[in-house]
Amino acid sequence: MAGTVLVTGGTGYIAGELIGQLLDSGWKVRTTVRDMAAGGGRLRGRFPQAGDDLAIMKADLLSDDGWAEAMKGCDAVAHVASPFPMGVPKDEDELIRPAREGTLRVLRFAREAGVTRFVQTSSAAAIAYDHDSDRTHFDHTDWTDVTDPKVAPYAKSKTLAEFAARDWVRDNAPDMVYCSVNPVAVLGPVHDEDLSTSIEFVKKALDGSMPMIPHVGVGIVDVRDVAALHVKALEAEAEKVRGERFAASGPFIWLEQITEVLRSRLPERETRKVPTTRMPGFAVPILAVFMPEMRQLRTETGRVRVIDSSHAENVLGWTMRDCTQTIVDTARSLIDQRIVKV
Ligand code: NAP
């Protein structure tokens, strides 16, 4: 059912992969960027064959400017843009405002343009963060508890944005077919130096800037599979996806296991700097004082969070590749493009 689709935040890691798959599937793609010169130029360079099938427009989640024009003539929207920083901002509204208000803005302009399908890139961060319990298994029916003060601003921003979208669609656009895709940590090949936060661990492990490994684990999913799930959500029959929530996760894996995969699957000369020592638990809160990226780990040390994505598999026939290959492909792309110099 290809038509015209708006992908928000075309400079992003997931959005870039999604744009490529949508173009390959015959969709005409519009995408928004905040910086036309840098972001727009990079995107054009990545998809030189797209010609008129790819239009790049300027729009920011915090302003109305540009959205009406970007949305004109679109059948569908994949709302991917949202801030995903490495550290924790002093003011949580730096994340919550663009996530929540931005989503509502994109929805409002989508309805005004007659868009009938809306897929929101939410996150497992909107599913699995209820710190006061010892639960280890979650699925698409679970919600992060935003009233828990220990929930990080990023998880809060994603949860509030998804909540707000669902409420808004119910009250203001009940005919619009809305669903969300909720991935865990996304890895896989990168295409430029503007790395998503989810790639940072593999980069730091390879370049030696992480001398010890925090005892932290994540679910991993491949960017190519996440993009494919978005395409399925955009193309499936309306009744299969209306109101649905599609968690997207491969296996839960400790960061130590990721370093083992790197060492066992890459040539030795490329893994000389990959750490081998586990960071002692007492070091995490101390380091968190000086390193903002460690702050998110304080509550995650030793925690297991397994996300079940069988709902996406059963409803949409979605499949995932082997996560070992995803880890290797992430590292390969970082090294081959000399983003990491080993
Ligand atoms: P990314 O590479 O950092 O991309 C984020 C995108 O959002 C960029 O295009 C960025 O634009 C855009 N953006 C941020 N603030 C904006 C604003 N105020 N107005 C307009 N655009 C704005 O991150 P990603 O990994 O692709 O993530 C994309 C989406 O997937 C996010 O919604 C994220 O929460 C979600 N997600 C990611 C993961 C993961 O592990 N990567 C997992 C679950 C969910 P600029 O280039 O201009 O900064």
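Good morning. I begin at the ligand, where a polar side-chain atom of Arg-34 lies 2.7 Å from one of the ligand's oxygen atoms. I speak of a polar contact when two N or O atoms are within 3.5 Å; within protein, one must be able to donate a hydrogen and the other to accept it, and residues adjacent in sequence count only if both atoms are side-chain atoms.

Before going on, a word on the source. This is a predicted model, in which local features need pLDDT of at least 70 and side-chain atom pairs count only at pLDDT 80 or more, while totals for chains, interfaces and linings use all residues. Residues are numbered from 1 along each chain as its sequence is written, and side-chain values use heavy atoms, with hydrogens and water left out.

Ser-196 also places a polar side-chain atom 2.7 Å from an oxygen atom of the ligand. In the side chain of Asp-60, an N or O atom is 3.2 Å from a nitrogen atom of the ligand. In total, 25 residues surround the ligand (a heavy atom within 4 Å). The closest are Thr-11, Arg-34, Tyr-154, Lys-158 and Ser-196.

Strand β2, residues 28–33, runs parallel to β1 and is joined to it by 4 bridges; pairing requires at least two DSSP bridges. Val-5 stands opposite Val-29 in β2, and its bridge partner in β4 is Ala-76. β4, residues 76–79, is likewise parallel to β1, with 3 bridges.

What lies elsewhere? An open sheet of 3 strands, with mixed pairing, has the order β8-β10-β12. Its edge strands, β8 (185–187) and β12 (252–254), each pair on one side only. β8 and β10 (residues 217–222) pair in the parallel sense over 3 bridges, and Leu-187 has Asp-222 as its bridge partner in β10.

Which helix lies across β8 and β10? Helix α7, residues 223–235, does so, at about 65° to β10. Such angles run from 0 to 180 degrees between N-to-C directions, with axes fitted to C-alpha atoms, for helices over the stretch in contact (heavy atoms within 4.5 Å). Helix α9, residues 255–265, packs on the sheet, touching β10 and β12, and its direction makes about 80° with that of β12.

Technical notes. Helices (H or I, at least four residues) and strands (E, at least two) are DSSP runs, numbered from the N terminus.
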